[in-house]
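Subject: Structure handover, salt bridges

Hello,

Here is the structure for you to look through. My notes on its salt bridges follow below.

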Amino acid sequence: MTGDDAHTPHIPLAHRVPDLGALELLLAVARHGSLGRAARDVGITQPAASSRVRSMERQLGVTLLDRSPRGSRLTDAGALVTDWARRVVEAAEAFDAGTQALRDRRDSRLRVAASMTIAEYLLPGWLIALRAERPDTAVSLLVGNSAAVARRLVTGEADLGFVEGLSIPEGLDGTVIAHDRLVVVVAPTHPWARRRTPLLPGELAATPLILREHGSGTRQVLDAALAVHGGLAQPLLELSSTTAVKGAAESGAGPCVLSELALGEELSARRLVKVPVAGVRLRRQLRAVWPGGHRPTGPARDLLSLTGRGAWTGDSRDRAGGGL
C-alpha cells in the first residue's frame with residue numbers, strides 16, 4: 001500500500017452504488033424500451049424517472065441511455081450496467097425472501113412466561129384476543145413465580161414475560177402494564193373477620209401468615225412493605241400457588257395476603273373476608289418484561305399492545321418502580 005492509498009478516505013458503498021429503486025427503473029427501461037412506460041411500470045412519473053436516470057448517470061460517471069423521439073435505448077455502457085443491475089436486484093430479491101422466511105418462522109410461535117396471578121387472571125383474555133389477530137401463531141405458556149419468569153427470559157426459553165415484583169429483574173427491560181393491590185383476607189370464622197378497626201403494620205408483621213414462597217412477586221412486595229415494621233414473622237405456611245394459599249385460608253388455618261385480582265370469587269361468596277389495613281402500602285405494578293436490548297417484535301409486540309400498552313414505543317426502562 002502506498003502512502004497515498006493509506007490516506008485515501010473510504011467512500012461507503014451506499015454512496016457509490018445506485019439504490020435499488022434506480023436499478024429497478026433501469027431494468028424496466030431495458031424491458032420496455034421507453035422511459036415513460038418504465039416510469040409507469042415502477043409507479044413514478046416520467047419527469048421523476050428522467051431525473052433518477054440522470055442522477056444515476058452522474059453517480060456512475062457514464063451515459064446509460066440514448067434518448068430520442070422514438071424512445072430510450074441503452075448505450076453499450078448502459079447494457080453492461082443493466083446486466084450488473086439485474087444480478088444486484090436478483091440478490092436483493094433473494095435477501096428479501098430470506099428475511100421474510102425468518103419473519104414467518106419467528107411469527108409461527110410465541111413463548112410466554114408469566115407469574116401465576118397474571119397467568120390465571122389476565123393472560124387468558126389477552127391470548128384469546130391475540131388468537132383472533134394471529135390465528136396461525138402457536139402460543140406456549142410457562143407459568144411460575146416472578147423469579148422463574150426472569151430466568152426463562154434470560155436463558156432464551158421465553159420471548160415475553162409478565163411479572164409482579166417490585167422492579168424489573170436484572171438483565172431484562174420492561175414496561176408497566178397494570179396496577180394491582182394486595183389484600184389481607186381470612187376465613188369468616190377468624191377473629192379478624194369481625195374487627196372494627198384496621199390492622200396496623202406492626203400487628204400484620206408480627207402475625208404468622210399463610211404466604212407464597214420466596215421469589216414470588218406477592219412475597220417480594222409484602223416483604224418490602226413490612227421491612228420497616230420489623231419484617232414478616234415466621235410463616236404459618238409457605239405455599240407455591242395462589243390456589244393453595246386461598247384453600248388454606250378458607251379452611252381457617254390463618255390469614256393470608258394475596259392479589260385482589262385472585263380473590264374476586266372468594267370475596268363475593270364470602271368464603272374469605274377482606275381485612276382493612278392502615279399505614280402500609282400494598283399496591284404493586286404488573287410488568288411485561290423481555291430480554292434486555294431486544295425490543296419485542298411480531299407476535300410478542302402484538303400481545304404487548306393487547307395488554308393496554310398500545311402506545312408503547314419499546315424504549316422504556318422503569319427500574320425505579322415508576323410508570324412509563
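In which helix do R86 and D83 lie, and how many residues apart are they? Both belong to helix α6 (residues 76-107), with a spacing of three residues, about one turn of the helix. Please keep in mind that this is a predicted model. The side chains of R86 and D83 form a salt bridge, at 3.2 Å from N to O. R86 is partly exposed at 36% relative accessibility, and D83 is partly exposed at 38%.

Side chains of opposite charge can pair when their charged atoms come close. In total, the structure has 17 salt bridges. Two others are described here.

R31 and D41 are joined by a salt bridge in which the closest N and O atoms are 2.7 Å apart. R31 sits in helix α3 (residues 20-32) and D41 in helix α4 (residues 35-42), so this pair ties together parts that are ten residues apart in sequence. R31 counts as exposed, with 55% relative accessibility, whereas D41 counts as partly exposed, with 39%.

R111 and D159 also meet through their side chains in a salt bridge, 2.9 Å from N to O. R111 is in strand β3 (residues 109-114), while D159 is in the loop between α9 (146-154) and β5 (160-163), so the pair ties together parts that are 48 residues apart in sequence. R111 has a relative accessible area of 19%, and it is buried because the cut-off for that class is under 20%. D159, at 27%, is partly exposed.

Finally, a network of salt bridges links K246, E250, E265, E266 and R271.

Regards

Notes
Residues are numbered from 1 along each chain as its sequence is written. This is a predicted model: local features need pLDDT of at least 70, side-chain atom pairs count only at pLDDT 80 or more; totals for chains, interfaces and linings use all residues. Side-chain values use heavy atoms; hydrogens and water are left out. A salt bridge is a side-chain nitrogen of Lys or Arg within 4 Å of a carboxyl oxygen of Asp or Glu. Helices (H or I, at least four residues) and strands (E, at least two) are DSSP runs, numbered from the N terminus. Buried means under 20% relative accessible area, exposed over 50%, partly exposed in between (1.4 Å probe, protein chains only).
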